[in-house]
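Subject: Structure handover

Hello,

Here is the structure you will be taking over. My notes on what was found in it follow below.

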Amino acid sequence: MKMNTLESEDSKSSDFSSTDEISLLVIILDTNPGQRILRDNPRTLTQCVDSVIAFANSHLMQKSQNKLVVMACHSKTSEFIYPNSDKPLDVRQVDGQYEIFTLVERTIKRNLAKMIAAESTALCNESLLAGAISMALCYIHRIQKTKPVGCKLNSRILVVTGSGDSAFQYMSYMNVFFTAQKQNVVIDVCALDQHLSLLQQGCDITSGLYLKIPQLQGLLQYLLWVFLPEPPIRPKLVLPPPVKVDYRAACFCHREMVDVGYVCSVCLSIFCKFSPICTTCHTVFKIPGPLAVKSKKKKMKL
Ligand SMILES: [Zn+2]
Ligand SMILES: [Zn+2]
């Protein structure tokens, strides 16, 4: 049990030598019942949760210093479902299984059931993924501050989602991606249902991997093959070839993806149509039209 409580570590610091490296994996699982794959077949959630638990345990199995955090993301809230914030569950060995694995499975399932029971009946198909990533970054930042001196923390975030990425969260996405890049946190994304262009940009910015899985039935296999190896090992493996990243931005006025737009020269806000006043920083621009005015004058003389 002690293995996963990173915070209460006064006795723990002696266990770390100066060359110790901790790999912290934060898994964000989108459990929003409004996403299409879950609306079509609610049982898909069980399959996704089981695959993620097996994947999480594989991460813990690799090295005893490996750490795990699991978060569930909904349309209105995101929560940490592993480890338990209060007292860890009391788990005894079952069928010879390592107690930590049993603890991971039971804690995740229990907290997830609690969270789903508290969910209101109104379905919303947008998940707060940007918010969940920022919570994960705050957690990683805290662990970074409290870790024993001399040990290195490698952190990464894996987002497993079937929702689409909404341009409404464009600003929040960009803020978390660049914060992650600054903190050296890798963001990996496993898309279950649709292509996610904003999250793909995040993977590219933080040198993570983006994969839209071709078959949901093979989720665990894709997780183990693509996302289990640590980022430093990945260049040695043959992974899915990188795809071209769609770097389109969303306009701040309608939150729609634009190919060509107007950028405020002061605050770099993006707009799909020209507006004389920037709605973000309130800078006033001259209306572009000396040519138009000239031609009008000429016409009047004629
Ligand atoms: Zn617009
Ligand atoms: Zn501006």
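How many bridges join β1 to β2, and do the two strands run parallel or antiparallel? Seven bridges join them, and the strands run parallel. Please keep in mind throughout that this is a predicted model.

Overall content

The chain holds eight helices and ten strands. Of its 302 residues, 31% are buried. Among contacts with a separation of 6 or more, 67% are between residues 24 or more positions apart.

The sheet

Six strands make up an open sheet with mixed pairing, in the order β3-β2-β1-β4-β5-β6. The edges are taken by β3 and β6 (210–212), each of which has a single partner strand, so one side of each is left without a neighbour in the sheet. On average, neighbouring strands of this sheet are turned by 20 degrees against each other, direction ignored.

Strand β1 (residues 21–30) is mostly covered, with eight of its ten residues buried. Two of the residue pairs can be named here: Ser 23 has Asn 154 in β4 as its bridge partner, and Ile 27 has Leu 158 in β4. Towards β2, the bridge partner of Ile 28 is Met 71.

Met 71 also stands opposite Phe 80 in β3. Strand β2 (residues 67–73) and strand β3 (residues 78–82) run antiparallel and are joined by four bridges. They form a hairpin, with four residues between them.

One residue in β1

Ile 28 is found in strand β1. Why is Ile 28 classed as buried? There are 25 other C-beta atoms within 10 Å of Ile 28, and the cut-off for a buried residue is 20 or more.

Leaving aside neighbours within four places in sequence, the contacts of Ile 28 include Met 71 and Cys 73, then Leu 129, Ala 132, Ile 133 and Ala 136, and also Ile 157, Leu 158, Val 159 and Val 160. For one of these, Ile 133, the C-alpha to C-alpha distance from Ile 28 is 7.6 Å, although the two are 105 residues apart in sequence.

A helix pair

Two packed helices are described by the angle between their axes and the distance between the axes. For helix α2 (residues 44–62) and helix α7 (residues 219–227), the axes come within 9 Å and cross at roughly 25 degrees. Angles under 35 degrees count as roughly parallel, and α2 and α7 are therefore roughly parallel to each other. The crossing in which α2 passes α7 is right-handed.

Which residues meet there? From α2 they are Gln 47, Cys 48, Ser 51, Ala 54, Phe 55 and Ser 58, and from α7 they are Leu 219, Leu 220, Leu 223 and Leu 224. By class, this contact of α2 with α7 has seven nonpolar residues, three polar ones and no charged ones.

Regards

Notes
Residues numbered from 1 in each chain as written. Chains lettered and ligands numbered in written order. Predicted model: local features only at pLDDT ≥ 70, side-chain atom pairs only at ≥ 80, totals over all residues. Axes fitted to C-alpha atoms, helices over the stretch in contact; angles between N-to-C directions. Parallel < 35°, antiparallel > 145°, perpendicular 65-115°, else oblique. Left-handed = near helix turned anticlockwise from the far one by under 90°. Contact = placed C-beta atoms within 7 Å. Nonpolar A, V, L, I, M, F, W, Y, C, P; charged D, E, K, R; others polar. Pairing = 2+ DSSP bridges. Buried ≥ 20, exposed ≤ 12 C-beta atoms within 10 Å, placed from the backbone.
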